[in-house]
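Grab a pencil and work through these exercises with the model open beside you. Each task is followed by a solution that goes step by step.

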Amino acid sequence: MGSNMAENHPVGFQWVVEARLRGAKIIHVDPRFTRTSAMSNLHVPLRAGTDIAFLGGIVNYILENDRYFRDYVVHYTNAPVIVSEEYADTEDLDGLFSGYDPESRSYDASTWQYVGTTVSGAAGQREMGGITGEQAHYAQAGELGHGGEPPEMDRTLEHPRCVFQILKKHYSRYTPEMVEEICGTPKELFLQVAEALCENSGREKTSAFCYAVGWTQHTVGVQYIRTAAIIQLLLGNIGRPGGGILALRGHASIQGSTDIPTLYNILPGYLPMPHAHQHQNLEMYVERNSAKSGYWGNMKAYMVSLLKAYWGGAATAENDFCFDYLPRLTGDHSIYPALMGMIDGWCKGFFVMGENPAVGAANGKLQRLALANLDWLIVRDFSEIESASFWYDSPEIETGELKTEEIGTEVFFMPAAAHTEKNGSFTNTQRLLQWHFRAVEPQGDCRSELWFMYHLGRKVREKLANSTDPKDRAILDLNWDYPIEEESEFEEPDAEAVLREIGGWDENNEPLPSYLPIKADGSTTCGCWIYAGVYADEVNQAARKKPYWEQGGNWVAPEWAWAWPMNRRIIYNRASADPEGRPWSERKKYIWWDEEQGQWTGYDVPDISPTKRPDYEPEAGAVAEDAIRGDKPFIMQADGRGWIFVPAGLTDGPLPTHYEPHESPFENALYGQQSNPVREVYPRPENPYNPSDGDPGARVFPYVFTTYRLTEHHTAGGMTRTVGHLSELQPEMFCEVSPELAKERGLENDGWATIITSRTAIEARVLVTDRVVPMKVQGRVVHQVGLPYHWGSKGIVTGDSANDLLGLTLDPNVHIGEYKAATCDIRPGRRPRGPALVRLVEDYRRRAESHNGGG
Amino acid sequence: MSDSHPIIPGSGITGASDAYNIEGRETPETRPLIPLGQRYYAEEKPRMGFFTDTTVCIGCKACEVACKEWNNVPDVIGELTGQSYDNTSSLGANTWRHVAFIEQRKPIKMQQEAGLMTPGSEEDGEFRWLMSSDVCKHCTEAPCLDVCPTGSLFRTEFGTVVVQEDICNGCGYCVPACPFGVLDRRQEDGRVWKCTLCYDRQKDGLEPACAQACPTDSIQFGPLDELREKANGRLEMLHEAGVDDARLYGANEEEYGMGAFFLLLDDPEVYGLPPDPEVVTRKFKSLWGAAAVAAGALVAGVAAAFAGGAR
């Protein structure tokens, strides 16, 4: 679900095909019939943006029919835990949880806690300070009761305030009939999916979910994945072979770019970025972010070792290991506020590396207006992409909204080396680091990112060398002495030296074997604690390419590349054995307790201290992993349990709830609350929204559209529209519509259509196809329009950009845009040229009374 | 166990098979000329071919791209065709692998296989999207080879049929001779270009570029005997699973032998393949016979005329 794996991950999809050949059932739930559907046993259509209703329906089916894996649920999840009396559910408050403040459009999450204790999340909004500040205190306590269990539990799962009963009530109205009403999916089809999933789960079998940005790019994106997590925990499909929830990434190493993040709010290894006011020093930072129990109990050791990697000898216990050199957060510093800052004039410079916002980001016009208002812009890419050429060839130049001579942005284009021209690693969705070696030297001025960042840093340091300004110490004290490749003609830094730093070393400069020896006293250095061990024994473990048939019959193949953490191929794999440590079944055995040897054994590296007995109970005062019982697999959580109900860490509710997309032609059939109440909106003239159902102008934009990629092109097209052999395969921007919509709007196959939203109008060739089906929702037929987003003004093949149609509205947890469901109108023929285009869109806005958010 | 592991993941080539490993290399100078009309190379090696299992084709077109990259086949940037996701339309001088996309309303047998069926109108049936990567068939009796007057087309030691671009004079006789429309003249230079089954790669012991690039093993390369055996096994499996539509195309030497054959889910014409291809040159013998009779009659007539004239 939420993924078109065959088209966007064809290489990984070979294993899905192989699984099918061996008898696995493949089910594809997607608004369109894609190349993935063609390879599946069953394609299940649904309306774009309604997956939580669908998945919630499965949760309800599991609970109503007693299909959950009881032993797993009772022992390994927080289903038995009793939740605070103050908690009120969306069933009580018509679509809101307790703690909602309409003024600030945010939640105070304190009422979502367990009775008698407070726990902090293993990720996400750990300290909750970003919301109200006050809640920062709640993460501090985080202590469990006797024997490492939450203070109040009901293992019979019958207490009305235990998580299990709350869950049951929360999803009680997500019936098959309601799924049909909201998603448009025929009830019988939905039931087939629910039954197939239940049938294929339990002791003997496991099922997996694969998802991609079809799930994440919504105003409730995080909660989509949470719903799948609930299903998988109820069915016992986490931490076991063949189970899991697999995030399919949009580029090679997107996983790597969150592990060693390019995000503003986390540091390597998912350490939170410190806040300006709440984290005055290291001690306060650690106290407010880490729980006493669970693996995050070691946060200080990981942070200190990271600071040592950054500042080396300058980082000492006396100066708090240079903790004060780290930048601090004062709010949301994601790309979106920065974009608004560009338009408003306070953000003056911008690095664009590995992305093409002028084509690849929502509301392209807003993106380009932002670029046009900068002092300087650096674009690093293979060729001059639209984000570098907007000042002379953007749609706004054509309409006259921008004039080249009035744009002051100085654009620096830096040619980039391709992955075949540099050494480095890719981290894939399975957390597997695979090293790639340079095959050819980059041509001309093309250089690797490593070269660019290293030499940029070197030059900045040279310029600041004589500075006495204290603020420059953070840069001057940096560890910035990476070795240069001996043979290199242009001083390419040694990528393996960087990997070695990431993997870490001890006081004797010996590479760390794993994260276990990482210390908080400054004696160890580690650039990313979860990657510790990737350079164990002075060997680039990620570069291992030993095929599985040379690995003594172990099908897990631990000597192929290296997986974080500690080369573990399945995390939380303690869950593959029962509470006593025996495999749930012979067929699905993976790791188990060996009583004779007094340790855990199996095919993989156990995700539990190797000698921690299954019956281990922590003594009072135990901390970190020692505070987790021997029968609890989810060691990153303070209570060692998989969280069905999330008491802390999410900004928009402890349980996933169906909300309509920000722009929807339908009302929320379940609650009075139409959309996610805490979704992020940008009500600005550059970012008008289409009215949703209930607003008078909603019918002006009666259709749902969704954006996607094709196998033949890659994302915003910078890598593929420049290649003839790929361009010829999909030479033109097109839209996909059903024969019914084609008839309704007079669209002809192979003809042209204009698609209009409050933002702009674009044109596309038309493919009329049965692969797009009209859905019957709430008694009405809704048509969906499919739009690939690969085209722009540059390259061999050009065309309008689908992302220009989208408004900016975001998920509140991770600030990802709602790219996968919005509303539009469509009509036959090409769009108007020049200023006439602006007039057309203005006319639509007037008719729809398009507004600036709210709801 | 170890001998059945693929050398290259996804390649279908197993460690046990060294059948296509070539010892020594021949240069054009040392390569013996192949007499016209001879079907096989003098020093025959196991006949190599393709088995294209369309039931696992995901339509990624990696085969088209890999083929063009390896063989330096030019791109042809056209317009959107409006024919599903197919924008290269057919095999030709500049497209040696072509992925067909067929959208049809029909019961999806795969769903029966798994005990899952989509409900829908009985009349329409359910939707299915067939994809299939087409290629030169490297026929057992290749008509193109028979009609080529220059010897540019020849049968390689791997049993494949290859055009030598330095010999082809662009006469085009082979173009109508091919029952599959594979042979085609390139407009720019007038010569005929088609799939070589990566003759150069085979000589170096490598599998063809398309087969190597195929992520799902829809395109399998190997000794034809082994491929046929594999294909029969796969067919049996599908039939057992209730996929009654599944059939092999071009695997039967007695009907029409192909060095590149297919597993299809529908009639060949659905995929743009001729249901009953014909070796047009088989008729040459009878044609020459008829010509001889006619010539004889002519001679007799002329002789009779002369005889009459003498009177």
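**Exercise 1. Find out what percentage of chain B is buried, and describe its make-up.**

Step 1. Keep in mind that you're looking at a predicted model. Chain B has 311 residues, and 39% of them are buried.

Step 2. Now go through the secondary structure: chain B holds 9 helices and 10 strands.

Step 3. Finally, check how far its contacts reach. Take the contacts in chain B between residues at least 6 apart in sequence; 65% of these join residues at least 24 apart.

**Exercise 2. Decide whether B:Pro176 is buried, partly exposed or exposed.**

Step 1. Locate the residue: B:Pro176 sits in helix H4 of chain B, residues 174-177.

Step 2. Count neighbours. B:Pro176 has 13 C-beta neighbours inside 10 Å. A buried residue needs 20 or more, and an exposed one has 12 or fewer, so B:Pro176 with its 13 comes out as partly exposed.

Step 3. For a sense of distance, pick B:Val65, 111 residues from B:Pro176 along the chain: their C-alpha atoms are 27 Å apart.

**Exercise 3. Describe the side of chain B that touches chain A.**

Step 1. Start with the head count: 37 residues of chain B contact 41 residues of chain A.

Step 2. Next, ask which elements supply them. On chain B, those giving two or more residues are helix H1 (62-71), strand S2 (97-105), helix H2 (109-113) and strand S3 (127-135). H1(B) has the largest share, 5 residues.

Step 3. Sort the chain B side by class, and you get 16 nonpolar, 11 polar and 10 charged residues.

**Exercise 4. Work out how H4(A) packs against H11(A) and against H9(A).**

Step 1. Take H11(A) to begin with. Helix H4 (residues 51-64) and helix H11 (residues 221-235) of chain A have axes 9 Å apart, at an angle of about 15°. Angles under 35 degrees count as roughly parallel, so H4(A) is roughly parallel to H11(A). The crossing is left-handed.

Step 2. Look at who meets whom. A:Leu55, A:Val59 and A:Ile62 are among the H4(A) residues here, and the H11(A) side includes A:Ile231 and A:Leu234.

Step 3. Turn to helix H9 of chain A, residues 187-199. Its axis is 10 Å from that of H4(A), and the angle is about 55°, which makes H4(A) oblique to H9(A). This crossing is right-handed.

Step 4. List the residues: A:Phe54, A:Gly57, A:Ile58, A:Tyr61 and A:Ile62 of H4(A) meet A:Phe190, A:Ala194, A:Leu197 and A:Cys198 of H9(A). That contact has 8 nonpolar, 1 polar and no charged residues.

**Exercise 5. Follow A:Leu234 into the largest nonpolar core.**

Step 1. Leave out residues up to four places away in sequence, and A:Leu234 touches A:Val59, A:Ile62, A:Tyr68, A:Phe69 and A:Val73.

Step 2. Zoom out. The largest nonpolar core has 290 residues, and A:Leu234, A:Val59 and A:Ile62 are among those with the most contacts inside it, as is B:Cys144 from chain B.

Step 3. Which helix gives the most to this core? Helix H14 of chain A (residues 299-311) does, with 10 residues.

Notes: Residues are numbered from 1 along each chain as its sequence is written. Chains are lettered from A and ligands numbered from 1 in the order in which they are written. This is a predicted model: local features need pLDDT of at least 70, side-chain atom pairs count only at pLDDT 80 or more; totals for chains, interfaces and linings use all residues. Two residues are in contact if their C-beta atoms, placed from the backbone, lie within 7 Å. Helices (H or I, at least four residues) and strands (E, at least two) are DSSP runs, numbered from the N terminus. Ala, Val, Leu, Ile, Met, Phe, Trp, Tyr, Cys and Pro count as nonpolar, Asp, Glu, Lys and Arg as charged, and the others, Gly among them, as polar. A nonpolar core is a set of buried Ala, Val, Leu, Ile, Met, Phe, Trp, Tyr and Cys residues joined through C-beta atoms within 7 Å. Axes are lines fitted to C-alpha atoms, for helices over the stretch in contact, and angles run from 0 to 180 degrees between N-to-C directions. Angles under 35 degrees count as roughly parallel, over 145 as roughly antiparallel, 65 to 115 as roughly perpendicular and the rest as oblique. A crossing is left-handed if the near helix is turned anticlockwise from the far one by less than a right angle, and right-handed if clockwise.
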